[in-house]
Amino acid sequence: MTKPSLPDLLHAAVTAVGGTERPGQVAMAEAVARAVDENSHLLVQAGTGTGKSLGYLVPALAHGERVVVATATLALQRQLVERDLPRTVEALHPQLRRRPEFAMLKGRSNYLCLHRLHEGVPQDEEEGLFDPFEQATPTSKLGKDLLRLRDWADETETGDRDALTPGVSDRAWGQVSVSSRECLGASKCAYGAECFAEAARERAKLADVVVTNHALLAIDAIEGAPILPQHEVLIIDEAHELVSRVTGVATGELTPGQVNRAVRRAAKLVDEKAADQLQTASETFERLMELALPGRLEEIPEELGYCLMALRDAARTVITALGSTRDKSVQDEDAVRKQALASVENVHAVAERIANGSEYDVVWYERHDRFGASLRVAPLSVSGLLREKLFEDRSVVLTSATLKLGGDFNGVGASLGLAPEGTEAEDAPPWKGLDVGSPFDYGKQGILYVAKHLAQPGREGNRQDMLDELTELVEAAGGRTLGLFSSMRGAQAAAEELRGRLDMPVLLQGEDTLGELIRAFSEDARTCLFGTLSLWQGVDVPGPNCQLVVMDRVPFPRPDDPLMSARQKAVEEAGGNGFMAVAATHAALLMAQGAGRLVRATGDRGVVAVLDPRVERARYGSFLRKSMPDFWYTTDRNQVRRSLAAIDAAAKAAEK
């Protein structure tokens with residue numbers, strides 16, 4: 001039987017999902033097929049509207065080997081498992097003569113734990129010895145959530161938190177889920193045979209395509225205990241998020257509350273001497289943290305070093321004791337012991353890591369108004385880890401709408417541990433970069449406007465000229481504005497100001513759920529939505545209700561961000577340009593993603609306005625502009641007002 005051609009397979013899949021074939025999608029599918037066949041690596045930038053999911057799914061399914069697809073957002077995971085994969089598998093079945101299986105796999109804490117549900121949560125002494133199900137009154141929010149979770153447990157097939165609609169609070173979910181460290185293990189658990197997390201793993205072992213998230217991929221790579229099944233192809237979608245997700249997984253934290261919790265959990269299971277040793281170390285740590293000032297610790301202060309070694313040694317003593325004592329008076333001892341062990345092991349691991357003082361780690365204090373002080377440690381870079389763990393045993397395809405920053409892929413490549421494209425060296429995995437473009441005509445559909453006449457934004461202070469400019473732009477656009485700000489304080493100040501100046505609704509991130517805010521924004525043309533630059537991740541509003549995207553300033557990392565400033569310094573000490581490699585690249589990625597909110601469909605028109613003159617005046621400005629979609633560029637404020645007014649008039653005429 002002749003092997004079906006890739007164009008035929010792609011055509012069948014695109015037809016099945018009701019889409020339209022795009023030249024960029026075809027080019028992407030061919031490049032992915034080539035990379036998979038040659039066991040090589042590919043970075044592919046595919047703009048909004050390319051149909052990149054099918055661009056990698058079709059060649060991956062055609063190849064026939066097991067594929068893992070890792071995404072950053074829940075929305076894309078759902079789209080793949082609930083829409084794209086079922087339709088694609090059905091469409092390809094007649095030509096492939098097989099029906100590939102697919103499954104979703106997440107971390108254990110995303111699944112309902114039947115043991116926790118039925119046996120209750122092991123409680124800390126200080127919190128009272130009660131069953132949360134009994135304690136929470138049926139009329140309270142927690143009580144209602146827990147009762148609903150009990151009912152849902154009888155009807156759910158997956159136990160996946162994300163399948164519960166509407167969702168429940170983190171506090172409620174914490175009563176019915178466990179981390180991998182707290183899990184008793186299927187063989188020791190009375191509910192092991194019915195376990196939702198174990199069932200998900202079994203489905204993944206049998207699947208041809210496993211859809212997971214960046215965090216689980218990172219845990220699988222870093223911790224060395226395989227969670228994902230063996231696979232020959234790894235596809236990382238939303239790849240611009242990978243480095244920050246891996247950094248998050250590799251970051252350790254110690255807080256007084258967390259150490260106290262470990263003490264309380266272990267105290268009833270070990271002898272008095274071991275418990276007292278950990279208690280004393282915990283009290284010393286708490287006293288030190290009361291005096292902690294936010295910022296990086298380039299060297300560990302002597303007193304903190306001694307305290308961490310005392311914590312490490314006390315935790316090790318407790319871990320040993322936990323393994324050898326049994327106390328039949330403790331109800332459901334195995335679960336209590338496992339929870340205590342998980343808490344103490346975490347304290348031991350982080351204390352030991354910081355006390356050892358690796359040159360490859362960054363250590364700093366953080367202070368929150370609500371949560372108090374914390375001691376944190378993160379890797380200076382995850383590039384070496386990614387190069388070693390991701391690119392050695394399989395073909396890797398990384399894709400996103402924003403991988404090409406400043407005109408090439410090398411910046412993102414370096415953050416992933418890859419040498420510049422085309423480098424031939426023994427320890428440099430070979431890779432190719434491909435930009436398949438976008439189906440949109442950015443030069444005709446959008447304008448990039450930089451307000452070069454404004455004063456350069458300072459670190460503090462009221463930017464009255466920026467607020468005046470913003471007001472005029474929003475007025476010209478007739479609302480229809482997505483405002484992306486570099487800080488929540490900036491978003492709040494702008495929302496307050498414009499609510500006083502303009503007679504149109506201004507929604508603010510945090511005043512309602514993101515889903516509700518986006519729904520309200522998309523339904524009313526006169527409405528504006530303001531938030532931080534993180535807001536872009538959830539906003540997909542094609543059509544005339546989002547015709548102006550405003551960024552208040554270049555979103556460089558804060559100068560006092562310990563991790564970013566340490567990374568910048570490390571690049572400079574190695575002879576590189578730390579500012580361009582870290583700060584400018586970080587800003588370019590956010591601005592590219594933010595600007596991508598404007599044009600979401602072929603009929604969209606509008607303006608991206610950057611109210612920071614540095615994008616025009618500074619030397620790095622051209623790097624930032626090259627990282628954004630190729631809109632028509634201007635610094636003429638009158639031209640932009642006329643264009644916005646014309647776009648608004650056209651939208652109103654179309655609505656009538």
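**Salt bridges and buried residues in a predicted model**

Modeller: In this predicted model, Lys652 has a relative accessibility of 40%, so Lys652 counts as partly exposed.

Biologist: Which residue meets the side chain of Lys652 in a salt bridge?

Modeller: The N to O distance in this salt bridge is 3.1 Å. The two partners lie four residues apart in helix 26 (residues 637–655), so about one helical turn separates them. The partner of Lys652 is Asp648.

Biologist: Is Asp648 buried or exposed?

Modeller: Buried means under 20% relative accessible area. The relative accessibility of Asp648 is 7%, so Asp648 counts as buried.

Biologist: Which residue forms a salt bridge with Arg499?

Modeller: Arg499 is in helix 20 (residues 488–501), and its partner is twelve residues apart, in the loop between strand 14 (506–508) and helix 21 (514–523). The closest N and O atoms are 2.8 Å apart.

Biologist: How many salt bridges does a search of the whole structure find?

Modeller: Some residues are linked in a network, namely Arg312, Asp313, Arg316 and Glu352. Another salt bridge joins Lys389 and Glu388, with the closest N and O atoms 3.9 Å apart. For the whole structure, the search finds 34.

Biologist: What arc do the buried residues of helix 16 cover around the axis?

Modeller: The buried residues of helix 16 (residues 383–390) are Ser383, Leu386 and Leu390. They are on the same side of helix 16, because they cover an arc of only 65°.

Key: Residues numbered from 1 in each chain as written. Predicted model: local features only at pLDDT ≥ 70, side-chain atom pairs only at ≥ 80, totals over all residues. Heavy atoms only, no water. Buried < 20%, exposed > 50% of the residue type's maximum accessible area, 1.4 Å probe, protein only. Helix = DSSP H or I, 4+ residues; strand = E, 2+ residues; numbered from the N terminus. Arc of directions from axis to C-beta. Salt bridge = Lys/Arg side-chain N within 4 Å of Asp/Glu carboxyl O.
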